[in-house]
Amino acid sequence: MSEFDGIVIGGGPNGLTVAAYLAKAGLKIAVLERRYEIGGGLATENLTLPGLLIDSHAIYHMMVEYAPPIKDLELEKKYDLEWIYPELQVVMPFLDGTHLALYKDPQKSYESIKKFSQHDADAFMEFHNKSQEAMDLFLAPASYVNPIPSLEQASKLEVHPVTKWVDSLTGLTPKQIVDDTFENDRVRALFLYLATMWGLDYDLEGLGYLVPLMINRGYHYRLCRGGSHHLAHLLGKFISESGGRVVTGCVIEKIIIENGKATGVELDDGSVIKAKQFVCSSLNPHQTFYELVGEDYLEDEMIIRLNEWKYSDMSFFTVHMALYDAPKFTVAEKNPELADSLIYVVGYESEQDLVDHFEASKRGELHDGGFNCCFPSLHDPLRVNRHAGSAIKHIGLISMECAPYDLADGGPEEWNRVRRDFAERCKKTLIKYAPNMKDNDAWDYIGTPLDTENKFPDMRQGCFKQGAYLPLQMGYFRPNEFCSRHFTPVEDLYMCGASTFSGGMITFGPGYCAVNTIAERLGIDKFWKEPELVTKAKEMGLF
């Protein structure tokens, strides 16, 4: 029987974050991962042809400049962690040869939008300035401090005009916010796409405060040089060098509860690993409490709240491609710089096209709508490691985030029959904007919402956030009022996955908040300091 100070269940980004901090703080930590490779959504694999590094899940990193672990663990200083931050972030081409472009430099974005509408260019600059201030004052620091009850938080947002503005958006839908801000139909299409790209429904009320964050982050994406998994690899290395252990291939049968306390885990082979101080789960609430703890240890109110937990009805449909040549978008023929965009959003000629896509997906239908695509090797040559004479020069990605999990005709299992046909339909859409993509792929790998669920069981229904973004599943209620501050009703059991505050998208927020809770409750001396933005927000009275 092995024994550690603490056990972390799941080696995804948040589990690794918890383990890295606490191992560095001097605790004997074990990370137990079901798969044979750590990282969870930080997955980079050879899915198409040998030598091609494919980010099969997380690819666009949205909070790099804010995430405390990057600085606290000195991952860029100690190791070879590098970020690629293209100047041209997003291009939305249209079939008439026009385009919208968003850059790191908002002034360049302004000039692009002005070609469609002076009003909307001005509106963008105002929205950018307010959303950037909101990011720095509240939205970013709020991701890295444990939540307080919703009404209390809302009252605190009254102290500053920008945070008051953010709160005023809460009751609006993403579409209402976009339509109130912009006039031009195509400008609306682009910003509604960015607002809803990561799981916000276009007509959902109650989460409008997230729209400034989603749009602002939509032109601040980075790629991890060498693939997203490299970040997970460095976190695992950090844990090992700090005296912790990372164990893969571990199938956990149950969390051991003794005298009301979590004291370890039992594996499927009957072996036991003990935890002297804590167990921390990065799995979803149903896995953690129903499958590993058991209802016998839960109060009725907790069971009610667990039964109310919902997963997203839509998820990723992806096509990863090994390419002979780089794509040649029609809009780049007269504007060569457009060939260097990180992301292309294609298939939406109007805002209504995007709305129609959402509505079809809600009905469980496969719609010939739009998606985003990326060609990582244009920015990171390490992604293609082939012999000198190879005809394969690039990799490409088609990524549709609003694909239905439960198909109207056949349910989730129907994906196994229709995946190829739908992939080809998506390729035809891409060819309309980049004609040389016809017969340009030597091999591909298709991923469906069902595949996501099968590969990552914590992502039920393919829900990459371990739970839908709904008003009563956010903030102090993520995953519920009993667990949102990362301790749970079971003594010495903690949670740190994307189903907990502050949510998904590889922000490291849940892991960072959880490690602070664990350190404070166990009386562990912190080697890390509170982020300056969090301290400033507290001084302003925002938390």
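Two residues are in contact here when they have heavy atoms within 4.5 Å of each other. Keep in mind as you go that this is a predicted model.

**Stop one: Asp380**

Select Asp380 and show what surrounds it. Leaving out residues up to four places away in sequence, Asp380 touches Ile84, Cys224, Arg225, Gly226 and Gly227. Asp380 itself belongs to the loop between strand 15 (371–374) and strand 16 (394–404). Is Asp380 buried or exposed? Its relative accessible area is 0%, so Asp380 counts as buried.

Now turn to the side chain of Asp380. One thing to find is the backbone nitrogen of Gly226, which the side chain reaches at 2.7 Å.

**Stop two: helix 9**

Next, select residues 185–196, which make up helix 9. The helix has twelve residues and spans 16 Å from its first C-alpha to its last, close to the 16 Å expected at 1.5 Å a residue.

How many of the twelve residues of helix 9 are buried? Ten are, so the helix is largely enclosed by the rest of the structure. Among the buried ones are Arg186, Leu190, Phe191, Tyr193 and Leu194. Stay with Arg186 for a moment and bring in Phe94: Arg186 lies over the face of that ring, at 4.2 Å from the ring centre.

**Stop three: the aromatic rings**

Colour Phe, Tyr and Trp to bring out the ring pairs. Counting rings whose centres lie within 6.5 Å, there are 27 aromatic pairs. Zoom in on Phe316 and Phe464: their ring centres are 4.3 Å apart and their planes meet at 25°, so this pair is stacked. Phe316 sits in strand 13 (residues 314–323), while Phe464 is in the loop between helix 16 (449–455) and strand 18 (493–495), so the pair ties together parts that are 148 residues apart in sequence. Both Phe316 and Phe464 are buried.

Then select Tyr21, Tyr144, Tyr512, Phe527 and Trp528, which ring pairs link into a cluster.

**Last stop: Lys465**

Finish with Lys465 and Tyr469. Look for the charged end of Lys465 over the ring of Tyr469, 4.9 Å from the ring's centre.

Note on methods
Residues numbered from 1 in each chain as written. Predicted model: local features only at pLDDT ≥ 70, side-chain atom pairs only at ≥ 80, totals over all residues. Heavy atoms only, no water. Helix = DSSP H or I, 4+ residues; strand = E, 2+ residues; numbered from the N terminus. Buried < 20%, exposed > 50% of the residue type's maximum accessible area, 1.4 Å probe, protein only. Polar contact = N/O pair within 3.5 Å; in protein donor to acceptor, adjacent residues only side chain to side chain. Phe/Tyr/Trp six-rings, centres within 6.5 Å; stacked < 30°, edge-to-face > 60°. Lys NZ or Arg CZ within 6 Å of the ring centre and 35° of its normal. Expected span 1.5 Å × (residues − 1).
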